[in-house]
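Me: Before we discuss the fold, please show me the sequence and the structure, and then let us take them up one question at a time.

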Amino acid sequence: MIEVQELTKRYGRTTAVDSLSFTVEPGRVTGFLGPNGAGKSTTMRMIVGLDRPTAGTTRVNGKPYPAHRAPLCEVGTLLDAGGLHKGRTAYHHLLALARTHGLGPRRVADVLDLTGLAGVAHRPAGGFSLGMAQRLGIAAALLGDPSVVLLDEPVNGLDPDGVLWIRTLLRDLAAQGRTVLVSSHLMSEMALTADHLLIIGRGRLLADTTVDDLIDGAAGGSVLVRTPDADRLRHLLTAAGASVADTDDGALRVTGAGAGRIGTTARDHALVLHELTPHRASLEEAYMDLTRTAVEYGGTR
Ligand SMILES: Nc1ncnc2c1ncn2[C@@H]1O[C@H](COP(=O)(O)OP(=O)(O)OP(=O)(O)O)[C@@H](O)[C@H]1O
(Lines give C-alpha, C1' and ligand atoms only; values in the text may rest on other atoms or scores of the structure.)
Protein backbone atom coordinates (compact mmCIF):
# COMPACT_ATOMS: atom_id res chain seq x y z
CA MET A 1 0.00 0.00 0.00
CA ILE A 2 1.12 3.55 -0.68
CA GLU A 3 -0.09 6.42 1.51
CA VAL A 4 0.44 10.03 0.54
CA GLN A 5 -0.62 12.74 2.95
CA GLU A 6 -0.80 16.47 2.38
CA LEU A 7 2.17 16.22 0.07
CA THR A 8 3.51 19.50 -1.31
CA LYS A 9 6.58 20.22 -3.43
CA ARG A 10 7.69 23.68 -4.45
CA TYR A 11 10.53 24.46 -6.81
CA GLY A 12 11.14 28.16 -6.28
CA ARG A 13 7.88 29.81 -7.27
CA THR A 14 6.49 26.70 -8.95
CA THR A 15 4.21 24.49 -6.87
CA ALA A 16 4.65 21.12 -8.58
CA VAL A 17 2.58 19.19 -6.00
CA ASP A 18 -0.06 20.88 -3.91
CA SER A 19 -1.42 19.29 -0.69
CA LEU A 20 -1.93 15.93 -2.36
CA SER A 21 -3.45 13.08 -0.31
CA PHE A 22 -4.36 9.61 -1.57
CA THR A 23 -3.97 5.90 -0.84
CA VAL A 24 -3.00 3.29 -3.41
CA GLU A 25 -4.52 -0.08 -2.49
CA PRO A 26 -3.07 -3.49 -3.29
CA GLY A 27 -4.71 -5.93 -5.71
CA ARG A 28 -5.64 -3.47 -8.40
CA VAL A 29 -3.96 -1.31 -11.00
CA THR A 30 -4.18 2.35 -10.07
CA GLY A 31 -3.68 4.79 -12.92
CA PHE A 32 -2.01 8.07 -11.99
CA LEU A 33 -3.27 10.42 -14.60
CA GLY A 34 -2.79 14.06 -15.45
CA PRO A 35 -1.67 16.36 -18.24
CA ASN A 36 2.01 17.09 -18.84
CA GLY A 37 3.45 18.99 -15.92
CA ALA A 38 0.64 17.99 -13.54
CA GLY A 39 3.11 16.71 -10.95
CA LYS A 40 2.99 12.93 -11.47
CA SER A 41 6.74 12.31 -11.73
CA THR A 42 7.48 14.65 -8.83
CA THR A 43 4.99 12.77 -6.64
CA MET A 44 6.46 9.41 -7.62
CA ARG A 45 9.99 10.61 -6.94
CA MET A 46 8.95 11.76 -3.48
CA ILE A 47 7.30 8.40 -2.75
CA VAL A 48 10.63 6.66 -3.31
CA GLY A 49 12.73 9.27 -1.56
CA LEU A 50 14.40 10.76 -4.66
CA ASP A 51 12.98 14.18 -3.90
CA ARG A 52 12.33 15.77 -0.54
CA PRO A 53 8.79 17.08 0.07
CA THR A 54 8.35 20.73 0.99
CA ALA A 55 5.57 19.45 3.27
CA GLY A 56 3.63 16.27 3.88
CA THR A 57 4.53 12.60 4.07
CA THR A 58 4.63 9.46 1.96
CA ARG A 59 4.65 5.90 3.25
CA VAL A 60 5.11 2.60 1.48
CA ASN A 61 3.84 -0.48 3.30
CA GLY A 62 3.56 1.56 6.47
CA LYS A 63 6.99 3.22 6.47
CA PRO A 64 8.77 6.02 4.63
CA TYR A 65 10.63 4.44 1.70
CA PRO A 66 14.16 5.08 3.05
CA ALA A 67 13.25 3.31 6.30
CA HIS A 68 12.99 -0.02 4.50
CA ARG A 69 16.08 -2.20 4.88
CA ALA A 70 15.82 -3.74 1.40
CA PRO A 71 13.89 -1.18 -0.65
CA LEU A 72 14.25 -3.09 -3.94
CA CYS A 73 12.35 -5.99 -2.37
CA GLU A 74 9.63 -3.64 -1.15
CA VAL A 75 9.10 -1.27 -4.07
CA GLY A 76 9.98 -1.73 -7.74
CA THR A 77 10.26 1.49 -9.72
CA LEU A 78 10.60 2.56 -13.30
CA LEU A 79 11.16 6.29 -13.19
CA ASP A 80 13.59 6.93 -16.03
CA ALA A 81 14.22 4.17 -18.53
CA GLY A 82 17.21 6.12 -19.85
CA GLY A 83 19.18 5.79 -16.61
CA LEU A 84 21.41 2.96 -17.78
CA HIS A 85 25.13 2.30 -17.95
CA LYS A 86 25.34 2.21 -21.77
CA GLY A 87 28.29 -0.14 -22.13
CA ARG A 88 26.94 -2.73 -19.73
CA THR A 89 24.91 -5.69 -20.97
CA ALA A 90 21.34 -6.10 -19.79
CA TYR A 91 22.45 -9.15 -17.81
CA HIS A 92 25.26 -7.32 -16.03
CA HIS A 93 23.11 -4.27 -15.41
CA LEU A 94 20.57 -6.46 -13.62
CA LEU A 95 23.20 -8.56 -11.87
CA ALA A 96 24.90 -5.45 -10.44
CA LEU A 97 21.54 -4.31 -9.07
CA ALA A 98 20.70 -7.79 -7.79
CA ARG A 99 23.98 -8.02 -5.86
CA THR A 100 23.11 -4.90 -3.85
CA HIS A 101 20.25 -6.91 -2.36
CA GLY A 102 21.88 -10.31 -2.04
CA LEU A 103 20.09 -11.64 -5.12
CA GLY A 104 21.86 -13.84 -7.64
CA PRO A 105 21.95 -14.82 -11.33
CA ARG A 106 18.85 -17.01 -10.99
CA ARG A 107 16.63 -14.10 -10.18
CA VAL A 108 18.24 -12.13 -13.01
CA ALA A 109 17.42 -14.95 -15.45
CA ASP A 110 13.83 -14.99 -14.14
CA VAL A 111 13.21 -11.30 -14.79
CA LEU A 112 14.94 -11.47 -18.17
CA ASP A 113 12.50 -14.23 -19.12
CA LEU A 114 9.54 -12.37 -17.68
CA THR A 115 10.30 -9.27 -19.72
CA GLY A 116 11.17 -11.11 -22.94
CA LEU A 117 14.79 -9.97 -22.87
CA ALA A 118 16.51 -13.36 -22.49
CA GLY A 119 17.56 -13.33 -26.17
CA VAL A 120 19.34 -9.96 -25.89
CA ALA A 121 20.64 -10.33 -22.33
CA HIS A 122 24.28 -10.20 -23.41
CA ARG A 123 24.02 -7.17 -25.65
CA PRO A 124 25.13 -3.75 -24.38
CA ALA A 125 22.10 -1.86 -23.12
CA GLY A 126 23.36 1.28 -24.90
CA GLY A 127 22.19 -0.21 -28.23
CA PHE A 128 18.68 -1.01 -26.99
CA SER A 129 15.60 0.46 -28.63
CA LEU A 130 13.29 2.50 -26.42
CA GLY A 131 10.99 -0.49 -26.08
CA MET A 132 13.83 -2.78 -25.00
CA ALA A 133 15.11 -0.16 -22.56
CA GLN A 134 11.60 0.09 -21.06
CA ARG A 135 11.53 -3.69 -20.67
CA LEU A 136 14.94 -3.61 -19.01
CA GLY A 137 13.74 -0.90 -16.63
CA ILE A 138 10.76 -3.07 -15.76
CA ALA A 139 13.01 -6.12 -15.29
CA ALA A 140 15.03 -4.05 -12.80
CA ALA A 141 11.85 -2.94 -11.04
CA LEU A 142 10.72 -6.55 -10.59
CA LEU A 143 14.09 -7.92 -9.53
CA GLY A 144 13.38 -7.86 -5.80
CA ASP A 145 9.89 -9.40 -6.26
CA PRO A 146 8.42 -6.23 -4.69
CA SER A 147 4.88 -5.99 -3.33
CA VAL A 148 4.63 -2.41 -4.60
CA VAL A 149 5.33 -1.48 -8.22
CA LEU A 150 5.57 2.12 -9.36
CA LEU A 151 5.99 2.85 -13.07
CA ASP A 152 6.23 6.32 -14.60
CA GLU A 153 4.82 6.40 -18.15
CA PRO A 154 5.87 2.82 -18.98
CA VAL A 155 4.09 2.77 -22.35
CA ASN A 156 5.82 5.89 -23.66
CA GLY A 157 7.30 5.17 -27.07
CA LEU A 158 6.24 1.54 -27.18
CA ASP A 159 4.77 -0.19 -30.23
CA PRO A 160 1.33 -1.83 -29.94
CA ASP A 161 2.87 -5.19 -28.98
CA GLY A 162 4.82 -3.55 -26.18
CA VAL A 163 1.77 -1.65 -24.97
CA LEU A 164 -0.27 -4.85 -24.84
CA TRP A 165 2.54 -6.62 -23.03
CA ILE A 166 2.76 -3.95 -20.32
CA ARG A 167 -1.00 -3.86 -19.93
CA THR A 168 -1.11 -7.63 -19.36
CA LEU A 169 1.89 -7.53 -17.03
CA LEU A 170 0.36 -4.80 -14.85
CA ARG A 171 -2.91 -6.70 -14.59
CA ASP A 172 -1.04 -9.88 -13.64
CA LEU A 173 0.97 -8.05 -10.98
CA ALA A 174 -2.21 -6.63 -9.47
CA ALA A 175 -3.93 -10.03 -9.62
CA GLN A 176 -1.02 -11.40 -7.57
CA GLY A 177 -2.05 -8.94 -4.85
CA ARG A 178 0.60 -6.31 -5.49
CA THR A 179 0.09 -2.56 -5.27
CA VAL A 180 0.51 -1.16 -8.78
CA LEU A 181 0.72 2.57 -9.48
CA VAL A 182 1.27 3.54 -13.09
CA SER A 183 1.36 7.06 -14.45
CA SER A 184 0.23 8.22 -17.85
CA HIS A 185 -1.08 11.33 -19.54
CA LEU A 186 -3.28 9.17 -21.80
CA MET A 187 -6.77 8.47 -20.53
CA SER A 188 -7.35 6.07 -23.43
CA GLU A 189 -4.50 3.89 -22.20
CA MET A 190 -5.47 4.02 -18.54
CA ALA A 191 -9.08 3.14 -19.36
CA LEU A 192 -7.85 -0.20 -20.71
CA THR A 193 -5.32 -0.88 -17.97
CA ALA A 194 -6.40 0.63 -14.67
CA ASP A 195 -9.13 -0.39 -12.24
CA HIS A 196 -8.83 2.76 -10.24
CA LEU A 197 -7.85 6.29 -11.22
CA LEU A 198 -6.11 9.12 -9.41
CA ILE A 199 -6.34 12.20 -11.59
CA ILE A 200 -4.27 15.28 -10.86
CA GLY A 201 -3.97 18.70 -12.43
CA ARG A 202 -1.62 21.49 -11.38
CA GLY A 203 -0.39 19.36 -8.52
CA ARG A 204 -3.85 18.91 -7.02
CA LEU A 205 -6.07 15.87 -6.75
CA LEU A 206 -9.03 16.19 -9.13
CA ALA A 207 -10.50 12.71 -8.78
CA ASP A 208 -9.93 9.50 -6.85
CA THR A 209 -12.38 7.22 -8.56
CA THR A 210 -13.13 4.17 -10.67
CA VAL A 211 -13.43 4.39 -14.44
CA ASP A 212 -17.20 3.74 -14.24
CA ASP A 213 -17.83 6.38 -11.60
CA LEU A 214 -15.83 8.92 -13.55
CA ILE A 215 -18.04 8.46 -16.59
CA ASP A 216 -21.24 8.50 -14.54
CA GLY A 217 -20.28 11.70 -12.78
CA ALA A 218 -19.18 13.47 -15.95
CA ALA A 219 -21.07 16.34 -17.43
CA GLY A 220 -22.23 15.81 -20.97
CA GLY A 221 -24.31 12.70 -20.40
CA SER A 222 -27.61 12.75 -22.31
CA VAL A 223 -30.55 10.50 -23.06
CA LEU A 224 -31.95 9.76 -26.49
CA VAL A 225 -35.74 9.52 -26.46
CA ARG A 226 -38.14 8.43 -29.20
CA THR A 227 -41.81 9.03 -28.68
CA PRO A 228 -44.89 9.72 -30.82
CA ASP A 229 -45.71 12.41 -28.20
CA ALA A 230 -42.54 14.45 -28.72
CA ASP A 231 -44.13 17.88 -28.32
CA ARG A 232 -45.80 17.07 -25.00
CA LEU A 233 -42.75 15.35 -23.59
CA ARG A 234 -40.51 18.22 -24.67
CA HIS A 235 -42.81 20.65 -22.92
CA LEU A 236 -42.93 18.63 -19.69
CA LEU A 237 -39.16 18.09 -19.54
CA THR A 238 -38.31 21.68 -20.34
CA ALA A 239 -40.73 22.87 -17.64
CA ALA A 240 -38.87 20.58 -15.21
CA GLY A 241 -35.53 22.23 -16.05
CA ALA A 242 -34.06 19.79 -18.59
CA SER A 243 -32.74 20.79 -22.02
CA VAL A 244 -34.27 19.09 -25.01
CA ALA A 245 -32.89 19.15 -28.55
CA ASP A 246 -34.29 17.52 -31.69
CA THR A 247 -32.07 15.06 -33.53
CA ASP A 248 -32.00 14.85 -37.33
CA ASP A 249 -34.03 11.65 -37.33
CA GLY A 250 -36.91 12.86 -35.20
CA ALA A 251 -35.78 11.80 -31.73
CA LEU A 252 -35.14 14.01 -28.69
CA ARG A 253 -31.77 14.38 -27.00
CA VAL A 254 -32.33 15.28 -23.36
CA THR A 255 -29.71 16.65 -21.00
CA GLY A 256 -30.28 17.55 -17.38
CA ALA A 257 -32.67 14.65 -16.70
CA GLY A 258 -31.75 10.97 -16.43
CA ALA A 259 -33.51 8.06 -18.11
CA GLY A 260 -35.34 7.28 -14.86
CA ARG A 261 -36.86 10.72 -14.53
CA ILE A 262 -37.80 10.86 -18.20
CA GLY A 263 -39.47 7.43 -17.99
CA THR A 264 -41.41 8.39 -14.88
CA THR A 265 -42.53 11.69 -16.39
CA ALA A 266 -43.76 9.85 -19.49
CA ARG A 267 -45.67 7.31 -17.42
CA ASP A 268 -47.23 9.99 -15.19
CA HIS A 269 -48.66 11.67 -18.29
CA ALA A 270 -49.53 8.48 -20.16
CA LEU A 271 -47.02 9.17 -22.93
CA VAL A 272 -45.71 6.31 -25.05
CA LEU A 273 -41.94 5.86 -25.36
CA HIS A 274 -40.35 3.89 -28.18
CA GLU A 275 -36.78 4.40 -27.08
CA LEU A 276 -34.97 5.62 -23.96
CA THR A 277 -31.21 5.30 -24.39
CA PRO A 278 -28.75 6.87 -21.94
CA HIS A 279 -25.61 8.11 -23.66
CA ARG A 280 -22.69 8.16 -21.26
CA ALA A 281 -20.00 10.74 -21.78
CA SER A 282 -16.88 9.06 -23.09
CA LEU A 283 -14.02 8.64 -20.69
CA GLU A 284 -11.99 11.04 -22.77
CA GLU A 285 -14.71 13.69 -22.43
CA ALA A 286 -14.92 13.10 -18.69
CA TYR A 287 -11.16 13.50 -18.35
CA MET A 288 -11.07 16.62 -20.50
CA ASP A 289 -13.87 18.10 -18.41
CA LEU A 290 -11.95 17.55 -15.20
CA THR A 291 -8.56 18.72 -16.37
CA ARG A 292 -9.95 21.70 -18.31
CA THR A 293 -11.42 22.99 -15.05
CA ALA A 294 -8.04 22.61 -13.39
CA VAL A 295 -6.35 24.61 -16.11
CA GLU A 296 -8.93 27.40 -16.24
CA TYR A 297 -9.62 27.83 -12.55
CA GLY A 298 -6.56 26.38 -10.89
CA GLY A 299 -5.18 29.80 -9.97
CA THR A 300 -1.53 30.77 -10.19
CA ARG A 301 1.29 28.58 -9.00
N1 LIG B 1 13.71 19.69 -10.66
C2 LIG B 1 12.78 20.60 -10.97
N3 LIG B 1 13.04 21.93 -10.89
C4 LIG B 1 12.10 22.84 -11.18
N5 LIG B 1 10.84 22.54 -11.58
C6 LIG B 1 10.51 21.24 -11.68
C7 LIG B 1 11.45 20.20 -11.39
N8 LIG B 1 10.84 19.00 -11.57
C9 LIG B 1 9.57 19.30 -11.97
N10 LIG B 1 9.38 20.62 -12.04
C11 LIG B 1 8.13 21.31 -12.41
O12 LIG B 1 7.10 20.77 -11.64
C13 LIG B 1 5.90 20.61 -12.40
C14 LIG B 1 5.46 19.16 -12.36
O15 LIG B 1 6.36 18.37 -13.13
P16 LIG B 1 6.27 16.79 -13.23
O17 LIG B 1 7.41 16.34 -14.08
O18 LIG B 1 6.14 16.21 -11.88
O19 LIG B 1 4.91 16.59 -14.01
P20 LIG B 1 4.35 15.30 -14.74
O21 LIG B 1 2.90 15.24 -14.40
O22 LIG B 1 5.18 14.13 -14.43
O23 LIG B 1 4.48 15.71 -16.26
P24 LIG B 1 4.97 14.87 -17.54
O25 LIG B 1 3.80 14.03 -17.95
O26 LIG B 1 5.25 15.96 -18.52
O27 LIG B 1 6.19 14.10 -17.12
C28 LIG B 1 6.22 21.14 -13.78
O29 LIG B 1 5.80 22.48 -13.83
C30 LIG B 1 7.71 21.04 -13.86
O31 LIG B 1 8.23 22.01 -14.72
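**Helices, sheet and ligand shell**

Me: Across which strands does helix 9 (residues 230–239) lie?

Reply: Helix 9 runs at about 10° to strand 12 (angles run from 0 to 180 degrees between N-to-C directions, with axes as lines fitted to C-alpha atoms, for helices over the stretch in contact). Helices (H or I, at least four residues) and strands (E, at least two) are DSSP runs, numbered from the N terminus. The strands that helix 9 lies across are strand 10, strand 11 and strand 12.

Me: What kind of model is this?

Reply: Residues are numbered from 1 along each chain as its sequence is written. Local features need pLDDT of at least 70 and side-chain atom pairs count only at pLDDT 80 or more, while totals for chains, interfaces and linings use all residues, since the model is predicted.

Me: Which strands stand at the edges of the sheet, and why is one side of each left without a neighbour?

Reply: The open sheet holds 4 strands in the order 11-12-10-13, with antiparallel pairing (two strands pair if DSSP finds at least two bridges between them). Each edge strand has a single partner strand, so one side of it has no neighbour in the sheet; these are strand 11 (243–246) and strand 13 (275–279).

Me: Which residue of strand 12 is the bridge partner of V223?

Reply: Strand 10 (residues 222–226) and strand 12 (residues 252–255) run antiparallel and are joined by 3 bridges. The partner of V223 in strand 12 is V254.

Me: Which element gives the largest share of the shell around the ligand?

Reply: The residues around the ligand (C-beta atom, placed from the backbone, within 6 Å) include Y11, T14, G37, K40 and H185. Two or more residues each come from strand 2 (14–24) and helix 1 (40–47). The largest share, 3 residues, is that of helix 1.

Me: At what angle do the axes of helix 3 (residues 90–99) and helix 5 (residues 130–142) cross?

Reply: The contact (C-beta atoms, placed from the backbone, within 7 Å) is made by A90, H93, L94 and L97 of helix 3 together with L136, A139 and A140 of helix 5. Helix 3 and helix 5 are roughly parallel, a term for angles under 35 degrees. Their axes come within 10 Å and cross at roughly 25°.

Terms used. Contact = placed C-beta atoms within 7 Å. Parallel < 35°, antiparallel > 145°, perpendicular 65-115°, else oblique.
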